[in-house]
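User: I'm new to reading protein models. Can you walk me through a few features?

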Amino acid sequence: MNQPPRVYNPKDFSNYEEKSYEFPKDKQNYENISYDFLKSGTIFRGINLKSNSGMAIQSGLDLELEGKFINEISITGALTDKNVPIQPEGNTQQLNEIDKVFITLDMPSEKFTFGDYYLNLSEGRYGNYSRKLQGIKFSSKRGNFENQAAGAVSKGKFHTNKFTGEEGKQGPYQLRGKNGEEAIIVLAGTEQVYINGEGVLRGENNDYTIDYSTGEITFTPDQLITSHSRITVDFQYSDLVYQKNIMMANSRISLLNNTLVVSAQFINESDDKNNPIELELSDADRKLLSKSGDNSESAYKSTIREDSTGQYVFQDSILVYVGKNAGTHSATFYNVGEAGKYRKHYTPDLVYFEYVDKKNPNVSNEDKQEAVYLPAKPLKSPQKQQQYHFRTVWQPTDNLVFNSEISSSYLDKNTFSAQGDNDNRGLAINLKGQYQSPQTEYGKFQVAGNFRNENNRFQAIGRNKSIEYERKWNNNVQSEQRERVVESNLKYNYRDNISLNFEGGQLRDRFNTTGRTNVDLQMNYNWLQNFQYGREDINTDLTPTLDKAWTRESIRAALNILGLVPFYEHYNENRTNDSLAADNFKFYENSIGIGNHARDAGKKNKIDWDVTYHIRDDYKLSNNVWQEESRGEDIKFSGQLNDWKTFTAALQWTKRNKEYYNSKQSNLEYYLMKAQILQRPKKLPYRWQTNFRIDEKYTVKKEKIYYEVDEGEGNYIYDSTYAEYVPHQFGNYILRIRPTNVRRPVTNFKTGFQLRYNGSRLKQYFENSIFTRFSSFTNLRLDQEIENNHQLSNLYRFSLSNIDTNWVNYYRLFQQDIDYDFKSIRGSLKMRYKSNHNISEVDVRGQEERSRDEYSLKYRGPFLMGIKLVMEMSKYNSQRESEISSMRNHDIAGLKLENDLSYRFNNSKKLNTILNFQYDEKLESNQVESFLTHIRFEFEHNFSRKGRTETFVELDQVQVTPEKSSIPWEMSNGRKEGLTFGFGASIEYKIGRHLNLRANYEGWKEPQYDFYQLGNIELRAFF
């Protein structure tokens, strides 16, 4: 490791009095301590220069720290000053968070963390708290005392979404904020996802992926999502309204020879009402919030204003769109979630809002779901929440333990207002005891009891209830509802072969009393790998004459016969409610299957597999008679080939049928599949792999929004001739893409195939043979989304001519490369055919179709007198059709000749001459031709082990026939008619061992622009 840089700070010695100092005896000589803790990283400072935008300071810090700091203090951390609104992709199990900044000082008894960290607390039932924070965290352990403290700001607020899956839709499912809003950003890595109460894993090869920027979660074919899938997602999100300040303190002490542990905890979360992030509050807004009390969700500020050039008129207090500049009013619309009354409507040229009558039965559910906007700004109120928590754990003997908790909560829903603050405090108590007998030849037993009481004002600051707590008690638990729970548990184990568990309990809330019993028996012996029987009964007294009941029963048996594991599962539920007929249902599930998952420890099968057949019959109660409502059947096969010879393969295949009885719903049949095959022979010249994926999902349309910025600050310009924004390095627009509420159900099919051939691997068999000088690469990729999911064969169409109106998105890429190496001249020849076709309805304004076919021949090798040549000839055809604007349609044929000649004078100097010719022809009724001549000279000078400089001069001449005709940016490499001239220079130089200087400058004159300049200079330190 390298010593970190030292900064010299001069001091004032005018009043300095010299004193002698003696090092303490038996202590390390502090002059010999190594401070070598800087592991790696970079620091840079730079200036960007652009015409019309002045100078912009650029800086960066990216350091990794690890090592000893002083004596027994170690330091680890990551430092950066990057501030980018980019989150990692949620398609892998492990995330690489590019903006995580922290320093941790680890001492023998204390530990400090500064920066970004996860705070995870687990103190009984009410002391659970998990957040992603930014601030300082302290922990200490000295003897029997443990202390923790934290002060931080939260990057988001904690929330839970619960929803039921849709039959045959793997996603995406939209996560929403506390008020139903969709315009949220989920903080990366904070989500915990559960399906039917079981946690699942993130990742393409696991159970789900998530788009953090849009809050959309999609499940992979590994997890079949049906209308019976209960999905729960805990997450933190940012709505860019208030910053949340957090304080935490926790202390724990062990007494009586560690048999008694006492802990106390305090947590405070409060929105910083005086410093909102993007919400601007006027004095009138604050006054309105102060009067709204705890009902601040109804506080809105109208944005409707009179405007003679507006787009809307008033009709019966409703804004009606009448056209651009044709109305009497204008307004700004906000996404307010379920309280919205307007939906966003898209046209190729503009976006407007239209009123939706949610009470009208003739209005479609799709339109009602899209109506999430209001012409009003929601004035979200700042909140404050606190919780005090005390806990004791007493274990007088090895077999006996008592646990007690008392927790006090405080929730102020609007810190701007004192109205309604008399009900902010709540209290909860939890008492639990458990006894476990010693192990004997007759087995052992365990008995436990639990008493819990929560008043109707108690609001836990973290998750204090199990994921499926409502199912456990057959009760839709309200956020403010008193609960008193008494539970008991008796468990008996005989060796490792028999386990019997009995649970009983009673829950009393403000209105009802619910009793619950559960019995579970598990056995295993010899070839009987597992036998399980369970029954759960939940009964609620609604009134003296009305009840509701829920019974669940399960049976599972699995054998182990010569490594094969056949199994059978049965599960049923029956729920009745005397007061609500729609709450009654029952269903039966049966599954049979076989696999080879049970294998000897340490033994690896060449093939792992299992197959399962599952059937579910659902019934509804009609006129006191159970009638069959639907039947669902699915067959699932999964298998894995583990390094068999040169092959590796994996397959996950599911077929799902859903049949409805006496219903207007259509029957469904669909497939989920994920497969991969890979072969890597060690001695043969080829490698190949293929993959497939089929699933049912939604395609969500996106809205492209171009924001105007200063000239030179963007990367798009507007081409009025073709009514579109096109890329340009000196642009004045930036692009943001947002998901909309417009979505369509599709079958998604993806497949790919790659084959690589390397003839040089045959030299051991055919030395100096022509076959050893050939190599090739074949690549095929096919991504398709189609609405017609009843005809699976449609997914395998490769020709665009076969695509019908049911197609939503289509992308096909085919590439074939063949390379030949000339042994005598040390050159190579590459032949390539590349074809791609894309039909996209991602843009909410309409469909676009693009295609391009290209043939090319490329030579790389010596030319004359030491000159090296790279020459490529290509012929191509490009087509585009757009529903957004017919002006964007084109059919372009082109020829291109590219020459790159390089000559090296010596080891330090090199000259490149690039000469390209490109002819494009627009094959339409108004035929237009363009001819591009591109000349570029580059001179490179290398300093021995120090750096290099590079200068260039570029000329681009575009001739258009007929003259003055406008051409799309796809022609002539985006250049316009006339002369484009550019020049520039760059330098990269190493100053010392760890310091680099980089600088570059470019000047350009284009036909449509005055002369503009681009440049930057940067000093970067490496460690």
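User: Which residues touch the most other members of the largest nonpolar core?

Analyst: First, this is a predicted model, where local features need pLDDT of at least 70, side-chain atom pairs count only at pLDDT 80 or more, and totals for chains, interfaces and linings use all residues. Residues are numbered from 1 along each chain as its sequence is written, and side-chain values use heavy atoms, leaving out hydrogens and water. In soluble globular proteins, nonpolar side chains tend to be buried together. A nonpolar core here is a set of buried Ala, Val, Leu, Ile, Met, Phe, Trp, Tyr and Cys residues joined through side-chain atoms within 4.5 Å; buried means under 20% relative accessible area, exposed over 50%, partly exposed in between (1.4 Å probe, protein chains only). The largest core has 19 residues, and L175 and F219 touch the most other members.

User: Which strand gives the most to this core?

Analyst: Strands are DSSP runs of E, at least two residues, numbered from the N terminus. β15 gives the most, with 4 residues.

User: Is T740 buried or exposed?

Analyst: T740 counts as buried because its relative accessibility is 10%. This residue sits in strand β46, residues 733-758.

User: And what does T740 contact?

Analyst: Contact means heavy atoms within 4.5 Å. Leaving aside neighbours within four places in sequence, the contacts of T740 include Y346, K701 and V844. Its side chain also reaches the backbone oxygen of K701 at 2.8 Å.

User: How about L500, buried or partly exposed?

Analyst: L500 is in strand β33, and counts as partly exposed because its relative accessibility is 40%.

Terms used
A polar contact is a pair of N or O atoms within 3.5 Å; within protein, one must be able to donate a hydrogen and the other to accept it, and residues adjacent in sequence count only if both atoms are side-chain atoms.
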